[in-house]
Amino acid sequence: MKLNGKGFLIIYLVIQCVAILAIAKDFDFFYFVQQWPASYCDSRRGCCYPKTGKPAEDFSIHGLWPNYNDGSYPSNCDSTNSFDDSKVSDLESVLQKNWPTLACPSGDGLKFWRHEWEKHGTCAESIFDERGYFEAALSLKKKANLLGALEHAGIRPADGKFHKMEEIKEAITKGVGYAPYIECNVDSSGYHQLYQVYQCVDASATNFIECPVFPHGRACGNKVEFPSFSSDVSRDEL
């Protein structure tokens with residue numbers, strides 16, 4: 001069968017449409033992950049405060065991660081789109097407050113943000129550019145207000161005080177509208193601590209949703225400590 005110019009054009013357009021749809025459907029939802037700094041620091045690896053100083057006693061962003069409904073996820077999707085700090089230079093003070101690095105040695109956050117953009121953000125280029133990625137995460141943190149949701153339920157940071165895991169989940173569910181996945185760490189005394197909170201977000205990175213699948217993080221026991229981060233104990237570089 002011979003095709004005329006019009007036939008070739010139709011086939012070309014169909015191929016382009018299929019390619020665009022494939023790109024647009026490169027993931028199903030996001031995990032928005034926040035961590036509790038006191039629990040991060042109270043682990044075997046320890047922590048180092050950022051060069052900007054000790055972060056506030058609040059949850060901080062770990063990342064915004066595209067995922068598939070089967071539990072797998074894409075990563076490092078575009079090696080040509082490296083992190084460019086100039087694109088978020090005017091957001092740096094906000095990022096340092098809400099998305100601080102606690103890794104050692106002490107840093108300014110750029111290495112952390114680079115990792116998150118290049119590993120996860122580049123897999124959602126159909127949704128946003130680099131700046132949009134960080135703005136979306138900052139907006140979600142404000143919407144979630146995890147610390148406010150917990151405090152509203154009478155769950156406040158305190159060393160040596162334990163809470164039922166179900167009470168923590170219920171408080172966050174009431175505050176945000178959807179159940180989270182909570183990951184714990186184990187401190188030197190063997191106690192479980194509230195470490196990371198995973199929340200699911202739709203593919204536009206705008207609205208919280210019911211999680212299609214929960215991650216396979218470190219599970220929590222029935223009683224969990226929500227340790228304080230307000231003490232003035234200093235952290236030296238390791």
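Helix α4 (residues 110-119) has Phe112, Trp113, Glu116 and Trp117 as its buried residues. Seen down the axis of α4, these buried residues fall within an arc of 125°, so they line one face of the helix. This is a predicted model: local features need pLDDT of at least 70, side-chain atom pairs count only at pLDDT 80 or more, and totals for chains, interfaces and linings use all residues. Residues are numbered from 1 along each chain as its sequence is written, and side-chain values use heavy atoms, with hydrogens and water left out.

**Terms**
- Buried means under 20% relative accessible area (1.4 Å probe, protein chains only).
- Helices (H or I, at least four residues) and strands (E, at least two) are DSSP runs, numbered from the N terminus.
- The arc is taken over the directions from the helix axis to the C-beta atoms.

**Packing of α4**
- The buried residues of α4 pack against β2 (60-67), α3 (92-98) and α5.

**Lys141**
- Lys141 lies in helix α5 (residues 130-144).
- Lys141 is buried, at a relative accessible area of 10%.
- Beyond its neighbours within four places in sequence, Lys141 is in contact (heavy atoms within 4.5 Å) with residues including Phe32, Gln34, Asp58 and Ile61.
- A polar atom of the Lys141 side chain lies 3.4 Å from the backbone oxygen of Phe59.

**Strands β4 and β5**
- Five of the six residues of β4 (residues 181-186) are buried, so this strand is largely enclosed by the rest of the structure.
- β4 pairs with β5 (residues 192-201) in the antiparallel sense, over six bridges; pairing takes at least two DSSP bridges.
- Val186 stands opposite His192 in β5.
- Five residues separate β4 and β5 in the hairpin, and Gly190 in the turn has a positive phi of about 90°.

Terms used: Buried means under 20% relative accessible area, exposed over 50%, partly exposed in between (1.4 Å probe, protein chains only). A polar contact is a pair of N or O atoms within 3.5 Å; within protein, one must be able to donate a hydrogen and the other to accept it, and residues adjacent in sequence count only if both atoms are side-chain atoms.
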